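Please read them with the structure open.

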Amino acid sequence: MMYKLAILKGDKESSSVIDRALGIIKSSVNDSTAFEVTELPFGVNAVLSFNEPLPNQTLRELKNYDGILVGALNQEVGTDSLLSVQESLVALRKYLNITLACKAVQISDNNVDASPLKNQIVRDTDFIIVQSAKRANDHVDGNISVDDFAQDTITYEQCEVEQVITAGFERAMNRKRAVTIVTPFDSFYTSKIWALTAEKIAKIYPDVVVNYVSLSCVISTIIQQPTSLDVVVAPKWVDQILNEESQKITGLPETVPVSMKNNSGQMLYQLPQINVDDKNLMMTAGEGTAKLILKECFKHYDNLQKIGV
């Protein structure tokens, strides 16, 4: 069965990362009929041609693809469009109805020295953070900030909680079969529904070891024993904190795309911004992108060593 991947390069800075990734993917996939790549207008290039960063024709085409690789957007270009270049990324996720996001945190022998932590602590770190693709401020019912009074409100839907937690367990089944459920505020009703839902779903996956921890505890583990983590499932409002803390231990800028998914199984891979002056970092980003897509789309990347990756 052919896997169809749409490419949205965004701006020229991300093109070399994407080209590197595609070269690795094509070299690794033995059967050329199993993989098809199509570039569609998006970002700066689309603005120059259509005066829109996210043309309607691109949106219409995306439904025909199994996966979408979107480049970073580091530039703003003058346009009469209602959407800015940056806003088009948000619009893309909403149009595709992206519900899940997954951030990979990996430290290999090649970059272990970049970490601010001791080598023996971070070497072979390999865990993922599964979270809702909807940001916390997408679901605020009563956020108020007036003079000396402020209020934040967060709303969970049962189906959303079940979806995120189930995705974490599914990921764990293909890894080391260990899930860490973050319960940030035990006295909050939102934390209670999060924990109760996790307990219910855990019964469906008896082979997965489950650990329920507070936010402060999982942050401490990221700093002191990151190799003990496998799949971390985080609710809204704390996921960003975990993303930032986990990135700090690598000592490097983000290079691996965040992988996102909608209810139809369609994947969206969003590249982080890469410093174009750092060629080694760009090479690393291309290789990381290829590995991620090969593993998730083809369930393996056995040929990577043969081609020197």
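**Notes on the predicted model**

1. In strand 11, C102 finds its bridge partner in S259. The model is predicted. Strand 4 and strand 11 pair in the antiparallel sense, and four bridges hold the pairing. Strand 4 covers residues 98-107, and strand 11 covers 258-262.

2. Follow S259 to its partner in strand 12. That bridge partner is Y269. Strand 11 and strand 12 are antiparallel too, with four bridges between them. Their hairpin has four residues between the strands. In this hairpin G265 takes a positive phi near 90°.

3. Y269 also stands opposite L69. Here strand 3 (residues 67-70) meets strand 12 (residues 267-270). These two strands run parallel and are joined by four bridges. As background, strands of a sheet pair through backbone hydrogen bonds, either parallel or antiparallel.

4. Now the whole sheet. What is the order of the ten strands? The order is 2-1-3-12-11-4-5-10-8-9. The sheet is open and its pairing is mixed. Strand 2 and strand 9 (209-213) stand at the edges. Each has a single partner strand, so one side of each has no neighbour in the sheet. From one strand to the next, the twist averages 20°.

5. Two helices that pack on this sheet deserve a look. Helix 6 touches strand 4, strand 5, strand 8, strand 9, strand 10 (231-234), strand 11 and strand 12. Its direction makes about 160° with that of strand 5. Helix 9 (residues 239-248) touches strand 4, strand 5, strand 8 and strand 10. The direction of helix 9 also makes about 160° with that of strand 5.

6. Which residues of helix 9 are buried? They are D239, L242, N243, E245, S246 and Q247. The elements that cover them include strand 4, strand 5, strand 8, helix 8 (215-224) and strand 10.

7. Take Q247 in helix 9. Is Q247 buried or exposed? Its relative accessible area is 17%. The cut-off for buried is under 20%, so Q247 counts as buried. Leaving aside neighbours within four places in sequence, Q247 is in contact with K103, L252, P253 and E254. Q247 and A104 are 143 residues apart in sequence. In space they are 9.5 Å apart, C-alpha to C-alpha.

8. Helix 4 (85-95), strand 4, helix 9 and strand 11 each give two or more residues to the lining. Helix 9 gives the largest share, four residues.

9. Next, the salt bridges. How many does a search of the whole structure find? The search finds eight. Among them is the pair K4 and E36, at 4.0 Å, N to O. K4 is in strand 1 (residues 3-8) and E36 in strand 2 (residues 35-39), 32 residues apart. K4 is partly exposed, with a relative accessible area of 26%. E36 is partly exposed as well, at 29% relative accessibility.

10. E287 and R20 form another salt bridge, at 2.9 Å, N to O. E287 lies in helix 10 (residues 279-298) and R20 in helix 1 (residues 12-28), so the pair ties together parts 267 residues apart in sequence. E287 is partly exposed at 22%. R20 is partly exposed at 27%.

11. R175 and D126 meet in a salt bridge of 3.4 Å, N to O. R175 is in the loop between helix 6 (158-173) and strand 8 (178-182). D126 is in strand 5 (residues 125-132), and the two are 49 residues apart. R175 counts as partly exposed at 22% relative accessibility, and D126 does so at 26%. A network of salt bridges links D126, R175 and D230.

Notes: Residues are numbered from 1 along each chain as its sequence is written. This is a predicted model: local features need pLDDT of at least 70, side-chain atom pairs count only at pLDDT 80 or more; totals for chains, interfaces and linings use all residues. Side-chain values use heavy atoms; hydrogens and water are left out. A salt bridge is a side-chain nitrogen of Lys or Arg within 4 Å of a carboxyl oxygen of Asp or Glu. Buried means under 20% relative accessible area, exposed over 50%, partly exposed in between (1.4 Å probe, protein chains only). Two strands pair if DSSP finds at least two bridges between them. Axes are lines fitted to C-alpha atoms, for helices over the stretch in contact, and angles run from 0 to 180 degrees between N-to-C directions. Contact means heavy atoms within 4.5 Å.
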